[in-house]
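Student: I would like to go through this chain step by step. Can we begin with the overall picture and then turn to single residues?

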Amino acid sequence: MNDFTDLIDVAAERLGGAALLANDEFFAPKERLLFASTPEWREGEYTERGKWMDGWETRRRRSEGYDWCIVRLGVPAVVRGIVVDTAWFRGNFPESCSLDGCEVEGTPAASDLSDARRSQWREIMPRQQLQGDTRNVLPVTDSGRVTHVRLNIFPDGGVARLRVHGEARPDPRVLSPGRQVNLAAMELGAFVVVCSDMFFGHRQNLILPGRSTHMGDGWETKRRRGPGHDWTIVRLAARGSIERIEIDTDHYKGNAPGSCAVDVGDFAAAAPDELPGASWSPLIAQTPLQPHSRHAFDAPSMHPVTHVRLSIFPDGGVARLRAYGRVAAS
């Protein structure tokens, strides 16, 4: 995939990402780095330490070295790129940055991660120039699995937001053969490959963990004014046999689809652009949906599958899709 920003943000707080430790956060705290909200500007607002800034900001460095912040990813991943957003940081942004990564078992203490004797950090993105008040989009070519990243800024300054885009690589034991899981879980590696439309709500929202929080926290299409219907295709976290489908229209009250259908396919070797025209097998025939409701369907697939296609008629919003089943032996 050329545009890595289409991949999920594996450091998102919704997935369990957290800013664990920074060497300095004098002007603004590290936690704001991962906020989902768009960075804001508060004209004329100051704290006892200086101008209020929506991000992580260190003091002016008067000695050699650089500043850094350690982030625990919400899910282990192969990082494909990062976005270092310096929104509103104009005369106080870092000159450059680099990214390190490490793979650690379990849930280590922040102090262990900062100890070179206990954590083996490696550079996964060399030092890159940054622009102020800009979404700096920086690719990562390292293909190793990491559980934590360390953003290094040179020599000091402020970053509003950090997004870490990549491909989830959960503990293989979670997807061991025969285990029953939500095969459409983002945190296990599922990915919404393509959809017909996502004008009001991004397609990846469909497989986020937990219930939706509001109407903008699901997948929603524009109002259809012609023939046809909308659809989306999910690549499952592992090849498996589906046993139950759940479709949640939570918060969609005047804009839920009238009905839906679910198809499945075993397309492990198919390219994403081949999927819409592939030969799908029906799993759930077209069935009415209720607004603001959770729907459960016992729908055992006859054989292991790799993809699910959700069709909605004619348009509308769906908060969450779950596909519970068992991981195939392969």
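**Contacts, core and loops**

Tutor: Among contacts in the chain (heavy atoms within 4.5 Å) between residues at least 6 apart in sequence, 79% join residues at least 24 apart. This is a predicted model, in which local features need pLDDT of at least 70, side-chain atom pairs count only at pLDDT 80 or more, and totals for chains, interfaces and linings use all residues. Residues are numbered from 1 along each chain as its sequence is written, and side-chain values use heavy atoms, with hydrogens and water left out.

Student: How many helices and strands are in the chain?

Tutor: Helices (H or I, at least four residues) and strands (E, at least two) are DSSP runs, numbered from the N terminus. On that basis the chain has one helix and 22 strands.

Student: What percentage of the 330 residues is buried?

Tutor: Buried means under 20% relative accessible area, exposed over 50%, and partly exposed in between, with a 1.4 Å probe and protein chains only. By that cut-off, the buried part of the 330 residues is 52%.

Student: Which residues touch the most other members of the largest nonpolar core?

Tutor: A nonpolar core is a set of buried Ala, Val, Leu, Ile, Met, Phe, Trp, Tyr and Cys residues joined through side-chain atoms within 4.5 Å. The largest one has 78 residues, and those touching the most other members are Ile242, Ile245 and Ile247.

Student: Which strand gives the largest share of this core?

Tutor: In soluble globular proteins, nonpolar side chains tend to be buried together. Here the largest share of the core is nine residues, and they come from strand S6 (residues 67-85).

Student: Where is Glu187, and is this residue buried or partly exposed?

Tutor: Glu187 lies in the loop between strand S13 (180-182) and strand S14 (191-195). Not counting residues up to four places away in sequence, Glu187 touches Leu15, Val75, Pro170, Ile207 and Pro209. Its relative accessibility is 29%, so Glu187 counts as partly exposed.

Student: What is the peptide bond from Phe313 to Pro314, cis or trans?

Tutor: Most residues other than glycine have a negative phi, and most peptide bonds are trans. Pro314 is in the loop between strand S20 (305-313) and strand S21 (317-318). With omega near -15 degrees, the bond from Phe313 to Pro314 is cis.

Student: What is phi of His251?

Tutor: His251 sits in the loop between strand S16 (230-248) and strand S17 (259-265). At 25% relative accessibility, His251 counts as partly exposed. Phi of His251 is positive, in a residue other than glycine, with a value near 75 degrees.
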